[in-house]
Amino acid sequence: TKCLLWVALLLLVGIVSCRANQNEGELLYKFGEVYYRISAWGSDALRVQLSPNQPTTNLNVQALLPTPPVRKTEVSVTELSVENGNIRSVVNEASGTIQFIRVSDGTVLLSTKSMNFVKIPNDNLLYEAGITFTPSPRETGIYGLGQHKTARLQNKPIHLLFQNAQIYSYSGGGEIDIPHYISYPLFYNFVWNLPSFGYLNFSQSSTTWFSNSTFQIDFWISTVSKQNTRNPFTALMNNYVDVTGHPPV
């Protein structure tokens with residue numbers, strides 16, 4: 001396969017390696033110094049973890065539930081891609097960037113552009129870490145991200161310093177950061193699964209998430225199913241609560 005050819009050429013210098021696990025619905029990949037884990041996580045959804053260390057799902061604090069819900073979708077894994085229902089991730093073997101594509105119409109929902117990890121002194125596991133995405137030019141708005149003093153439901157563009165929500169003299173109790181949004185009119189869900197101080201910068205041409213201290217970059221993305229042509233917001237919120245938890249009844 002294509003990946004095995006790359007491994008044969010580059011394994012000696014440790015640039016790239018990969019392992020596709022069809023049964024567990026995940027791709028393990030290494031590009032340069034960064035390990036990738038891309039996993040089917042819920043229906044029509046993927047979880048992506050990136051780290052100079054081996055990524056882990058055993059986190060004490062996170063937005064996602066410790067284990068994914070039962071999938072209602074078919075999963076296919078190759079050396080460079082994971083497809084779960086109506087969403088597919090594709091790793092570019094030359095650049096290490098990742099595209100997220102809706103299968104039913106071929107729409108590119110989101111693409112990674114760059115990532116960086118800066119080791120925190122005197123700690124073997126923690127990094128300052130950031131990732132920048134290139135959104136589709138079709139994306140005109142984002143809905144979510146909590147409650148802010150913008151008097152808007154649509155929050156693009158926006159810049160958030162997460163620590164400001166805890167400073168009452170700044171927030172006045174009116175800033176609540178929830179790192180989840182729905183893209184319009186592309187209809188995909190995104191969760192930044194890192195409960196840490198940092199920032200988010202949403203512009204028209206790029207999106208950057210940054211954590212001041214973390215083991216890894218960790219995010220989740222989903223879209224509507226192939227069969228869903230109505231009520232996309234409802235479908236996306238169903239996907240979201242399936243992986244973050246339903247309210248008690």
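1. The model is a predicted one, and its protein chain contains 3 helices and 17 strands. The radius of gyration is 18 Å, close to the 18 Å given by the globule rule for 249 residues, so the chain is as compact as a globular protein of that length. Along the principal axes, the C-alpha atoms occupy a box of roughly 60 × 50 × 40 Å.

2. As for the charges, the mean position of the 17 positive ones lies 5 Å from that of the 16 negative ones.

3. The structure holds 17 aromatic pairs. In one of them, Phe 133 and Phe 190, the ring centres are 5.5 Å apart and the planes stand at 80°, which is over 60 degrees, so the pair is edge-to-face. This pair links distant parts of the chain, since Phe 133 sits in strand β10 (residues 127-135) and Phe 190 in strand β14 (residues 188-192), 57 residues apart; both Phe 133 and Phe 190 are buried.

4. The pair of Tyr 184 and Phe 187 is also edge-to-face, because its planes are at 85°, with the ring centres 5.6 Å apart. Tyr 184 counts as partly exposed at 36% relative accessibility, whereas Phe 187, at 18%, counts as buried.

5. One aromatic cluster includes Phe 133 and Phe 190, together with residues such as Phe 100, Trp 192 and Trp 209.

Methods:
Residues numbered from 1 in each chain as written. Predicted model: local features only at pLDDT ≥ 70, side-chain atom pairs only at ≥ 80, totals over all residues. Heavy atoms only, no water. Helix = DSSP H or I, 4+ residues; strand = E, 2+ residues; numbered from the N terminus. Rg over C-alpha atoms; globule rule 2.2 N^0.38 Å. Lys, Arg positive; Asp, Glu negative; His and termini not counted. Charge placed at Lys NZ, Arg CZ, Asp CG, Glu CD. Phe/Tyr/Trp six-rings, centres within 6.5 Å; stacked < 30°, edge-to-face > 60°. Buried < 20%, exposed > 50% of the residue type's maximum accessible area, 1.4 Å probe, protein only.
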